[in-house]
Amino acid sequence: LADYEFGETKWDAIISIFCHLPPSLRKKVHAASVRALKRKGLLILESFAPGQLEKGTGGPPDAERLVSTIMLMEDFPMLDILHLQQLERNVVEGDYHTGLSSVVQLVAQRPNAELAAGPTPLPAGSYAEQLADVSGGYAASSIPELGTQEAQASYRACLDELFTESLQA
């Protein structure tokens, strides 16, 4: 991925599932992903979160390649966040990635407008700042209790709605 050319406004959706990269490469790939999305394009991501090291159910062996909600807010400030949460869920991804796991999930959409040139700094009082005081959620008032069936249903409903809209377009 270090040398992959993502293109500009090329993809309707980019899906990243358990792609754990060193921080500098992660930021480069995430920035390239934003530029590669078409207007209204979707980014869907699930990754192991910092709590995963204690679980022993798979994922990278070092904390630097685990991703938090705050990191994702910082990596994708130009996208509209439709769903962002950290939770514990059962993962079944083969012999070495099975069991209760700490994950972070993101569904974000590129705005239907030109992106600002260069990275957009997070404003004071932004969600990233709010997240420092919230245990892994997007914002306390906008997301159900983390790890509950309600939160998981919210994630599925968000994806179902987005895919239904894209099929109708």
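Mentor: Before we count anything, note that helices (H or I, at least four residues) and strands (E, at least two) are DSSP runs, numbered from the N terminus, and that the structure above is a predicted model.

Trainee: With that in mind, how many helices and strands are there in the chain, and what pattern does the chain follow along the sequence?

Mentor: The chain has four helices and four strands. When these elements are read along the sequence, they give the pattern β-α-β-α-β-β-α-α.

Trainee: Which residues touch the most other members in the largest nonpolar core, and which element gives the largest share of this core?

Mentor: This core has 23 residues, and those touching the most other members are Leu-43, Leu-72, Phe-76, Leu-79, Leu-84 and Leu-106. Two or more residues come from each of helix H1 (23-36), strand S2 (37-48), helix H2 (69-75), strand S3 (80-92) and strand S4 (98-109). The largest share is five residues, and the element that gives it is H1.

Trainee: If we leave aside neighbours within four places in sequence, which residues is Leu-106 in contact with?

Mentor: Leu-106 is one of the residues that touch the most other members of the largest nonpolar core. With the neighbours within four places in sequence left aside, its contacts are Leu-43, Ile-44, Leu-45, Leu-72, Phe-76, Ile-81, His-83 and Leu-84.

Trainee: How many residues are in the other core, which lies apart from the largest one?

Mentor: Among the members of this other core are Phe-48, Leu-66, Val-91 and Val-103. The number of residues in that core is six.

Trainee: Does Arg-26 count as buried or exposed, and what is its relative accessibility?

Mentor: Arg-26 lies in helix H1, and, leaving aside neighbours within four places in sequence, Arg-26 is in contact with Leu-21, Val-67, Met-71 and Asp-75. A residue is buried when its relative accessible area is under 20%. Arg-26 therefore counts as buried, since its relative accessibility is 6%.

Trainee: Which residues make the nonpolar surface patch of about 310 Å², and where is the place of Tyr-4?

Mentor: The patch of about 310 Å² is made by Leu-1, Tyr-4 and Trp-11. As for Tyr-4, its place in the chain is in the segment before strand S1 (11-17).

Trainee: How is the aromatic pair of Tyr-4 and Phe-6 arranged, and what is the angle between the planes?

Mentor: The structure holds two aromatic pairs. In the one formed by Tyr-4 and Phe-6, the rings are 5.0 Å apart centre to centre and the arrangement is edge-to-face. Tyr-4 counts as partly exposed because its relative accessibility is 46%, whereas Phe-6 counts as buried because its relative accessibility is 10%. The angle between the planes of this pair is 85°.

Trainee: Among contacts between residues at least 6 apart in sequence, what percentage join residues at least 24 apart?

Mentor: The chain has 169 residues, of which 42% count as buried. Among contacts between residues at least 6 apart in sequence, the share joining residues at least 24 apart is 70%.

Definitions and conventions:
Residues are numbered from 1 along each chain as its sequence is written. This is a predicted model: local features need pLDDT of at least 70, side-chain atom pairs count only at pLDDT 80 or more; totals for chains, interfaces and linings use all residues. Side-chain values use heavy atoms; hydrogens and water are left out. A nonpolar core is a set of buried Ala, Val, Leu, Ile, Met, Phe, Trp, Tyr and Cys residues joined through side-chain atoms within 4.5 Å. Buried means under 20% relative accessible area, exposed over 50%, partly exposed in between (1.4 Å probe, protein chains only). Contact means heavy atoms within 4.5 Å. Rings of Phe, Tyr and Trp (its six-membered ring) pair if their centres lie within 6.5 Å; planes under 30 degrees apart count as stacked, over 60 as edge-to-face and the rest as tilted. Patches are made of residues with over 30% relative accessible area and no salt bridge: like charges are joined within 9 Å, nonpolar side chains (Val, Leu, Ile, Met, Phe, Trp, Tyr) within 5 Å. Accessible areas come from the Shrake-Rupley method with a 1.4 Å probe; for residues, only the protein chains shown count as cover. A salt bridge is a side-chain nitrogen of Lys or Arg within 4 Å of a carboxyl oxygen of Asp or Glu.
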